[in-house]
Amino acid sequence: MYCNFLLTGASNDKNRTDIMIKIRGLNKTYNLGSPNALHVLKGIDMNVAAGEFLSIMGASGSGKSTLLNVIGILDNYDTGEYILDGTLVRSLSETRSAELRNRKVGFVFQSFNLISFKNAMENVALPLYYNGVPRRKRNDLAMEYLEKLGLGSHAHHLPNELSGGQKQRVAIARALISRPSIILADEPTGALDTATSREVIEIMREVNRKEGITMLIVTHEGAVARATDRVIYLRDGVIESDKKNEKPVIEF
Amino acid sequence: MFDILGEILETMKRNKMRTFLTGFAVAWGIFMLIVLLGAGQGLQNGVRSNFEGRAINSVTLFPGWTSMPYRGYRADRAIRFDERTVDFVRTNIPEVVNLSAWIMYRPQSIAYGKEYGSWNIEACTPDLFYLDFMVIVKGRFLNEADMRAKRKVIVLGKQAEETLFKGEESLGKYVEADGIAYQVVGVYDRPQSQSFSSSLYIPLTTGNQLYNRGWGIRGIEFTVNGIDSEEQADMLTERIRALMGPYLGFDPKDTSAMYVRNSAKMAAETQKIFGYINMFLWVIGFACVMAGIVGVGNIMLVTVKERTREIGIRKALGATPWSIVRMVIIEAIFITTVAGYIGIIFGLGLTELISRGLSAAGGGGGGNTPAMFQDPTVGLGIVFAVLGLLVTCGVVAGLIPSLRATRIRPIEAMRAD
Ligand SMILES: Nc1ncnc2c1ncn2[C@@H]1O[C@H](COP(=O)(O)OP(=O)(O)OP(=O)(O)O)[C@@H](O)[C@H]1O
Ligand SMILES: [Mg+2]
């Protein structure tokens, strides 16, 4: 059903490296310097190769979302080093990090985060607006991506006229449209039932295989983790284990 | 640029209520400003037109009785103006533009055939025409030839003509006053004036010859150039007294010997009052506009708060801080400009409508209702200045909330469910 992923144009990043994410001794403390300071990430070391499909698991409050936000340049870190696709991410200006996010990162969230007054097509086209793509072209591309995800008929629906699974597919199309190096998904199936969860994970798997986009999924669900090639366990801000999953299966 | 506008228009279209409320505040403010300024202008025009249809910068000299002795003359001496006085004034006061002198007679019975009525006969010089804002309906006013030849000619008022001639042709006919026959050379009207247009005019020289009862000329009026302030008007009055005193034989300080009515001074005083009224209206109008601007700022601020999540999402998708600022500011400018424009249209429309209604009801052909309010319109220059002000205020109104918007952190914004 969703097997139509042909590259539309060359990859937008010429200096794409084999190592997508390189993190060394990364520390992050919330409310640094205040009495209720909270040391959330305690010396994280990790590498992610380009094209990997991996998941991060861990108890609630273990720092998964925090780590994902740092990787997605939505949040900064205190000490250590983080290199994203060959670019050192360290005290960047707001403008520069916005550019980096726009070009290299696609986000998928548990709560979808679609703009409520924009229809499906406009939501998908939005990253291209910030990339300076002309309106006509970005709408055409958005339609193309919606069709790939089986939502061509719903292009002009507002988010509140879509089901949870449909909303998440719109969000995935939006994450894909700027042809990022990596897609970060924070509990993408958290708000979905099992059947829809399976659908979404199948799509993400498909995108990873056909487009070679690195896919990092934060999840609570074992079933989601079992569908990925590699699972990192986080516990109290440190990596407890990092295992290859020899036989990934999609079974919900 | 086109794309930016498109994106913002789209956003505004999808949030109609917000856009409407914001715009309404501005449109209302600007509407009130224009209506108030229009009212001020209307009042001013109305009072101006009530200046008895007289030239604004004019000086009138009336002879009186001396109250102080002067160079051997006793007090209580009558001062007399004659034709030489008129020439003296004309040649010695450089500011004089048009000058007229007249002799006013008591109401006289005037007859044509069986018809008769009673009007003042005023003997005057031809320049009175320029001082009194009269309009010649028929024929002509008095001229220099009439003066030189001391012709027995007369210019009738419109009412007098109607009463005497009942629609019959009056030009060239003779009317009789006090046993003297005058040929009608013209008919005048004073459409702007509410005061009597009941005087009939004959040449000064003719009047002097026929009616000289020893009083001489009853008044000399002239318009003056270049008198803009009260101080200048006062100085002119002083200068005239200093000049006329020695010539006519009275002490320049003796105000009862010659009365000087300086309407330039009156005009300057009224001008000052209007200055205050206008300032007052401006202050109120400006307060209205400010209220509109504060309204916009407030709504934009609330909006930004409401849109925290949207802005967070946009940032996560790669919106730079500048693009967020730009979005909010352009939206504010757009709303203030368009709404301001609408307010201007409605404001001008209303003042124009009132103006038309007033002239249809009052002005027209020759209605004599006193117009306290006339032509309440506002100049285009002011309108454009206000529009400029609006755009500036739009920027200010957008700046504060947009700077706030740049500080929104995408993760926190998106967490708010
Ligand atoms: N902005 C913040 N300011 C202060 N503390 C925070 C902030 N965000 C998260 N925390 C705290 O940091 C810790 C880690 O939070 P994080 O959201 O990374 O956990 P998580 O692993 O994603 O948990 P969950 O599975 O419940 O989503 C938690 O104790 C949380 O309360
Ligand atoms: Mg989390």
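**The open sheet and its surroundings**

Modeller: In chain A, 54% of the 252 residues are buried (under 20% relative accessible area; exposed is over 50%, partly exposed in between, with a 1.4 Å probe and protein chains only). This is a predicted model, in which local features need pLDDT of at least 70 and side-chain atom pairs pLDDT 80 or more, while totals for chains, interfaces and linings use all residues. Residues are numbered from 1 along each chain as its sequence is written, chains are lettered from A and ligands numbered from 1 in the order written, and side-chain values use heavy atoms, without hydrogens or water.

Chain A has seven helices and ten strands (DSSP runs numbered from the N terminus: H or I of at least four residues, E of at least two). Four of the strands of chain A form an open sheet in the order 2-1-4-5, paired antiparallel (pairing takes at least two DSSP bridges). Strand 2 (38-49) and strand 5 (87-88) of chain A each have a single partner strand, so they stand at the edges and one side of each lacks a neighbour in the sheet. Strand 2 of chain A is joined to strand 1 (residues 19-30) by nine bridges, the two running antiparallel. A:I19 has A:A49 of strand 2 as its bridge partner.

For chain A as a whole, 71% of the contacts with a separation of 6 or more link residues 24 or more positions apart (contact: heavy atoms within 4.5 Å). The accessible surface of chain A is about 10500 Å², 50% of it from carbon and sulfur atoms (Shrake-Rupley method, 1.4 Å probe; for residues, only the protein chains shown count as cover).

In helix 2 (residues 16-49) of chain B, B:F24 and B:W28 are four residues apart, which means about one helical turn between them. Their rings are stacked, at 6.4 Å centre to centre and 15° between the planes (centres of Phe, Tyr or six-membered Trp rings within 6.5 Å; stacked under 30 degrees, edge-to-face over 60, tilted for the rest). B:F24 is partly exposed at 47% relative accessible area, and B:W28 is partly exposed at 47%. Together with B:F20 and B:F31, B:F24 and B:W28 form one aromatic cluster.

Further along chain B, helix 12 (residues 380-406) contains B:I400. B:I400 is exposed, with 56% relative accessible area.
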